[in-house]
Amino acid sequence: MEITSINQLIQYFQLNFPEYAKEMQSCTHHYDEQNLNVYHLEGDIWAHTNMVLMQIRDMNLSVDRFKVAAISALLHDIGKPAAAEYKHETKRKRFIGHEGLSTVIAIEVLEKMVADGIVSNGEAITILKVVNLHSALFDVVKEGADHSKLISKFRYQKELFKYVQIQSEADSNGRYYDEEVVNTPGHHKEMPQEVFNEIYDCIAPER
């Protein structure tokens, strides 16, 4: 089975994993109707996921890179409903550890995708790594951030870094947000291409 478009991917996912689609649709980023998540004004996890997928669609990626990037985007927040935690003292909803939960849940989806011939075992492993690391680059935008640990994390994995960069950009742009908050220093409105390029160049080549 071959999936070459976002439409096909969404259809496949909803037909084969309707329970996960429903969980993401029913899980909002907001604490309540009066206390919104200023980083995700689009509301629920499913809406954000689809906005991220639209970003991937518009990146003009190669066929092979598109498939891995699109499936990574589809699964990157699949663990948020399970990770949701209400912080009543601050009236915020948090999703700490959702990257790890998303990775675990994604295994089930990817096992079927491998069985259906949509992805290879190698592609499935790459997707799991991207899902697990999809938040790793957001700290890079902070002024004075130390890039050495990030460079070490991706040692000999330049292609993986590129996939995580693609996911980070799509994730950052695939949402609505409060401009007064997100446009201030230290918040990830736009991912710094020049910094990413410098880090990419510092990552040791594939062995």
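**A polar contact at Asp77**

A polar contact of 3.1 Å joins the side chains of Asp77 and His76; such a contact is a pair of N or O atoms within 3.5 Å, where one must be able to donate a hydrogen and the other to accept it, and residues adjacent in sequence count only if both atoms are side-chain atoms. This is a predicted model in which local features need pLDDT of at least 70, side-chain atom pairs count only at pLDDT 80 or more, and totals for chains, interfaces and linings use all residues. Residues are numbered from 1 along each chain as its sequence is written, and side-chain values use heavy atoms, without hydrogens and water.

Student: Does Asp77 count as buried or exposed?

Tutor: Buried means under 20% relative accessible area, exposed over 50%, and partly exposed in between (1.4 Å probe, protein chains only). Because Asp77 has 2% relative accessibility, the residue counts as buried.

Student: Which residues does Asp77 touch, not counting residues up to four places away in sequence?

Tutor: Contact means heavy atoms within 4.5 Å. Asp77 itself lies in the loop between H4 and helix H5 (80-83). By that rule Asp77 touches Met24, Ile45, His48, His98, Ser102 and His134.

Student: How many of the residues of H4 are buried?

Tutor: Helices are DSSP runs (H or I, at least four residues), numbered from the N terminus. Helix H4 covers residues 63-75, and its cover includes helix H1 (6-16) and helix H9 (158-173). Phe66 and Leu75 are among its buried residues, and the count is 10 of 13.

Key
Helix = DSSP H or I, 4+ residues; strand = E, 2+ residues; numbered from the N terminus. Expected span 1.5 Å × (residues − 1).
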